[in-house]
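Here is a short briefing to read alongside the model. Have the sequence and the 3D view ready, and follow the points one topic at a time.

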Amino acid sequence: MRVLLAGCGDLGTRLGLRLVDSGQEVIGLRRHPEELPDSFEKLYVDLGNPGTITIEGVDAVVITLTPDDYSDASYEQTYRRGVEGLISILGSRPKRVILVSSTRVLGAAAPGESTDEETVPKPESGPARTLWDTEELIRATYPSAAIVRAAGIYGREDSPLIKGVRSGRAVNYRRWTNRVHYRDLIRGMEALLFTPDPPQLLHAADSCPVQLGEVVGFLASALDISAPPDLEDEPEAGRRIKNTRFQDLLGSLEFPTFREGYSHELRSTK
């Protein structure tokens, strides 16, 4: 299989290395392709301004875009314009298209509300609306495309939450959180490439939606430090995301809860 990784940053690169190891041909497309592994075919394209290049002969496209910041303008340039640019330079129709989106597209919810792929998104912020528009563009252009809405991705180096616990940064203990370990997310993306009839929408999350107080308490205990302060005036907030479809795709998660994932990360950083 010849796979184009569009916006080939950290996630795309890690996926690409797995694909190369399994005998696939990988094209890494990004603004600075010189940073990609030598085992990739490297392609310089700024998807926001792709020019006249045409890409032919790819079997699958995996889109993993990363905005420069969390501003409305950055999301618009990266996602909406980036996907428009990608569509414009694909000279042939790939058999499989995968877009990695985010569960933030779902918008606000009643505190603790349970959510699955049948939940209708209600994007409120500018970035969330842009993600929704990008999903709709992909669906309209490639009706069989698979869209992966990732929960909070963790497990890579320099975890912001671990840093926050170490520094004693106060958090809302009653905020519901959802996360997915990057290794399970990459396994999910790989499975979508090769599954004969993949789901067209997938919420990539682990099996343990949990309030943030439980997570920081666990981390503080593991680090043998005091738990950070609770923002006691902040109310319960956030939703719980069901991962049944993601679990069914993978069979089992390598890191089914935050406990396994953060324990692995802490061991790796010692």
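Ile98 sits across from Ala146, a residue of strand S7. That pair belongs to the parallel pairing of S7 with strand S5 (residues 96-102), which is joined by 5 bridges. Please keep in mind that this is a predicted model.

**Neighbours of strand S7**
- On S5, residues 96-102, the strand runs parallel to S7.
- Strand S11 (residues 201-204) also pairs with S7 in the parallel sense, and 4 bridges link the two.
- Within that pairing, Arg149 has His203 of S11 as its bridge partner.

**A closer look at Thr64**
- Thr64 belongs to the loop that connects strand S4 (60-63) with helix H2 (72-89).
- Is Thr64 buried or exposed? Its relative accessibility is 7%, and because buried means under 20%, Thr64 counts as buried.
- A polar atom of the Thr64 side chain lies 3.1 Å from the backbone oxygen of Gly7.
- Leaving out residues up to four places away in sequence, Thr64 touches Ala6, Gly7, Cys8, Gly12, Val100 and Met189.

Notes:
Residues are numbered from 1 along each chain as its sequence is written. This is a predicted model: local features need pLDDT of at least 70, side-chain atom pairs count only at pLDDT 80 or more; totals for chains, interfaces and linings use all residues. Side-chain values use heavy atoms; hydrogens and water are left out. Two strands pair if DSSP finds at least two bridges between them. Buried means under 20% relative accessible area, exposed over 50%, partly exposed in between (1.4 Å probe, protein chains only). A polar contact is a pair of N or O atoms within 3.5 Å; within protein, one must be able to donate a hydrogen and the other to accept it, and residues adjacent in sequence count only if both atoms are side-chain atoms. Contact means heavy atoms within 4.5 Å.
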